[in-house]
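Try each task on your own before you read its solution.

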Amino acid sequence: MPGPATPLDQTKRPSQTCKAIPPSAPLESRRYQPTAEPRTIVEELLPRAPSVQTQSAPEEANIPLVRLNLPVAGLETKQMASKSLGGPQKIGFNRRIADFLQRSMATSSSWQWQTLQNGERVTRIALHSPGAAALRLGLRIGGLPPRSELRFFSGQLDPGRGYRVGASDVLQAIERNRNSGVKGGDRPDVYWSPTLEGDSAILEVRVDAQADLSKVDLEVYSVSHLVLNPKTSSGLLPNAAASCNLDVNCYSTTSNKGDDISASVAKIVFTTTEGTAICTGTLLGDRAGSNIPFFLTARHCITTAAEASSLETIWFYESSGCNAGAQSANTQTRSGGATLLETHGNNDMTLLRLNEQPPSGAVYAGWHGDAQGERYTAIHHPQGDWKKISFGANQGLFSCSQTSTNQIDCVPNANGTYFRLLINQGFTEQGSSGSGIFKENSYLVGTLTAGAGFCNDAFGIYGRFQVGYDNGIKKWVENTKIGFLENPQPASNQSGITILSGWACIPGVNSGAPEINQVLIEIDGNRTMLASYGTTREDTQSVCGDTNNGFGLLFNMSRLGAGVHALRVLADGYEIGRANFTVATLGVDYLRDVTASYVIPNFPAANQTIELQWQAHLQNFVIAARSASTSQPSMPITADRQAAPALQRLPADPNQRAASVQADATLRGFLENPQPASHLSGITLFSGWACQAGAPINRVTIEIDGVSFQAGHGTERPDTLAVCGGSNNGWGLLFNTNRLGDGSHTVRALVDGAELGRANFTVTTLGTDYLRGASGTYQLLDFPKGGDSVVITWQEHLQNFMIKEVNIR
C-alpha cells in the first residue's frame, strides 16, 4: 500500500469535493453456499506433468519442444527491490523474451507440431528463468481455434502442478481487454498463466483434429519472475508481516446473522506490465442476492482491464487456528481472472467482477455508510501473509492527493472522500492495500489506501464506500439497468442501411429470459422505434451474469436526411447511451438499379488490396474480395480527406442480379438480410420480419452453417401492419461475419422451429476476426452515376466502410 503516508498538516486548506450520499439502505452480509461447486475457468490437472526427459505416454514421446532459456536475473532483482517501498506488495518483475532471445523462437509460426492418434495436434515450449520461486507466462494472443486449449505445468517438480484453460475463455478475456479502450492497459492482448512454482515452466498447446492450425497465433511474450511463491507458505511466507499483526482466527469475526465476515476477504495476485504484486480484496454482495461475484479492491492495485484479467484470488489463506503454525487445509485458489467494472481515483477504489465463482463458504460482504467515532475491524494480508486483523476508530473525513508515486498527503475535510482510522490494535502493511474495513462484522465501509505509524499506534487512510457507491458502484450493487450503445458511436459517420445496436441488462437478474421488457431508440427527440432485444451476446456474460442481452434495429439512415443527428437508447425508460452522428445520403431514401465495384489499394496493410461492391439491400458497400497475402495486417494505411485517393469504378458484372427471399408457405414474413448470392463483410444484422395469425412468436432462431443463434424479436415494422395486424414483427441478430471465415455460407431463419427463409452468401474477411488500428478514407469516382463521387471512410466498430461525403452533379 502507498506509505507511509505523509504526516497530516492541520494548517492546509481543505479541498472542495461533493458530499457523498449514503447508500439508500445498508445491505447485510450473506454466506455463499452453492449446491455444487461451480465450474472453474482454469482447471487444475491432477495427472503428473509431462517431463522434458520422460514423456507420460509413448505416443507423446516425439512432441516437439522449444526451449527458452533466459540468463540469470541480476539488475532486474535489484531494481525491483529499489521500488518496493509503497504501492502494492511487489513479488516479481517481468522479463520480455525478445530482450534475451530471438523473438521468432517464441512465436507459434516457428513451432513444430506432433499429431496424436486421436488427431489432436500438440506442441510444447519450456521456459527457464534461473532463481525464480515461481513464474507466470505472458502469452500474446493473436488467434486460437475454438476447439483448442492451453496447458501450463511447473517444469521443476515431477509431478508438477498443471492447469488447463480452453481457447474460448482465453479469447473472451482478451476481447474484454481490447473492448475496454483506454482502460484496457498497455498490453490488452497478453494472457497471463496461473502462478507456476519453481524457475521452469512448460506451455503445452493442444489443437483439435478438425481445427485450422493456421489460426494459431501465439507468442510467449514475457515471463514474470517471482521472488516468492504467493500460493504456498514456503520461503518468506507466512510470518512475513510485522510481529504485532494479529491472527484473524484469534478474534470473533462473526456477524449477528452468523456469517464470518473474514471469509469475504481474499489475497489477490496480479500482473502488470512491470511485474507481479499482491494486494487484498473483498467479495461484495448486491441487493438482489444474485451471487454475482463483485469484488472490491484499491485502484492503486488494479487500474486496467488487462491487470484485472490476470487476477488470481487466494481464499481462506490463513492459519488453521489461533496462532497455529499450520496453514488452513481449506485454502483455495481461483485463476480465472476478473472483469474491470469501475475504477475511480477520488477514493482509490476499483470494482471487479470475478470471472469465476468463489469457493463454497465464502461470504458476500454487506455495505454501509461510515460515520466519525464508529469502531471498525480491518481484515487483510500484510506482506502477503496469512490473514490478519486490526481494530480502530474512525477519526473523521479527509481529502487526499498524491505527492509522489507511492505517497499521498491528506488533510481534514468535512466533505472528504476518505476517512482516517486510528489503529490501536494490530497494524497494516504493503499487501494490505485494497482490503475492506467492516462495521459490526457485516458491513464494508471502506477500502485501504495508505497508512503510517508503529505497531498498535498507527493510522490507515480508507477510501469511503459511499463515495464509490455514488461514483458508479451503485448501479451494480443495486442491480440497476446497465448497457452500452455500440453503434452509432459519438461523432461517427453513418450511411445507408445500418445497425443501431448494443447491449443492456440488469446485473443479478437472471431468470433465463430477457430481464428488460423494452429497448427504445429515440432519434432527434421526435422519432421513437422499438428495437429487438434478447440476442445472444456471450461477451456480456461476465458483466450481466447471462448472455441474452443484445439489442439491434436495422435502420435506413437516408430517411433522416444529410447532416448531424442525435440518438438515445432507453431500456424500460432508463437511458443507457446516447450519441451524435453525421449522415451522408445519396439524394434518395433508397438507391435502385445501381451496381458498382471498386478496388481499394494498400488496405488494410501495404501491398494488400480489397474490392468493395455495392449492395442495394444494405444501401452500402461491402468487402467482396481481398488480395492473397501471407503477411498479417500490421501496417494500416492512414489517409485524411485531403489525401483521399480517387478510385475508378470497375466494369459492371453482367451476371450480377438482385434476388429475393421467399418465406415458407406456413408463415408470413421474410429473411431480408442476407439476400441470396449476396456478399457480407464486417458486423451486420441478420434480419427480417415474421408473424403468424392467432399465435404469438416465442423464438426466432438463426442457423448459420448449422450452428444456431437466438435472434431478438419484436422490432417495430409499420410496413407489416396490413399483413400481420400489428407492427412489432421485426427480428434481428447482430453478428460479426468475420467469425465465419472467408467463403460461401448458408443461413436459415426459423420461427418456433419452422423455416421462414434461407440464403447462401459469401463472406470476405480481412484476415482477422476484428481488425484494429486501421484507418482509410477514399474517393469513389462515378458513383452513383457518371460524374458523381462519394467519399468513404473505415469505421472500426462496424468493421466496414461508411459513406462520409456525397458529391452529386
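**Exercise 1.** Find what lies over the face of Tyr364, and at what distance from the ring centre.

*Solution.* Start with the rule: a charge sits over a ring if NZ of Lys or CZ of Arg is within 6 Å of the ring centre and within 35 degrees of the ring normal. Arg30 is placed over the face of Tyr364, 4.8 Å from the ring centre. Arg95 lies over the face of Phe100, at 4.7 Å.

This is a predicted model, where local features need pLDDT of at least 70 and side-chain atom pairs count only at pLDDT 80 or more, while totals for chains, interfaces and linings use all residues. Residues are numbered from 1 along each chain as its sequence is written, and side-chain values use heavy atoms, leaving out hydrogens and water.

**Exercise 2.** Classify the ring pair of Trp614 and Phe621.

*Solution.* First, rings of Phe, Tyr and Trp (its six-membered ring) pair if their centres lie within 6.5 Å; planes under 30 degrees apart count as stacked, over 60 as edge-to-face and the rest as tilted. Next, the centres of Trp614 and Phe621 are 5.2 Å apart with planes at 70°, so the pair is edge-to-face. Finally, both Trp614 and Phe621 are buried (under 20% relative accessible area, with a 1.4 Å probe and protein chains only).

**Exercise 3.** Now classify Trp367 and Phe465.

*Solution.* Their ring centres are 5.6 Å apart and the planes are at 35°, so this pair is tilted. Trp367 and Phe465 are buried too.

Note on methods
Buried < 20%, exposed > 50% of the residue type's maximum accessible area, 1.4 Å probe, protein only.
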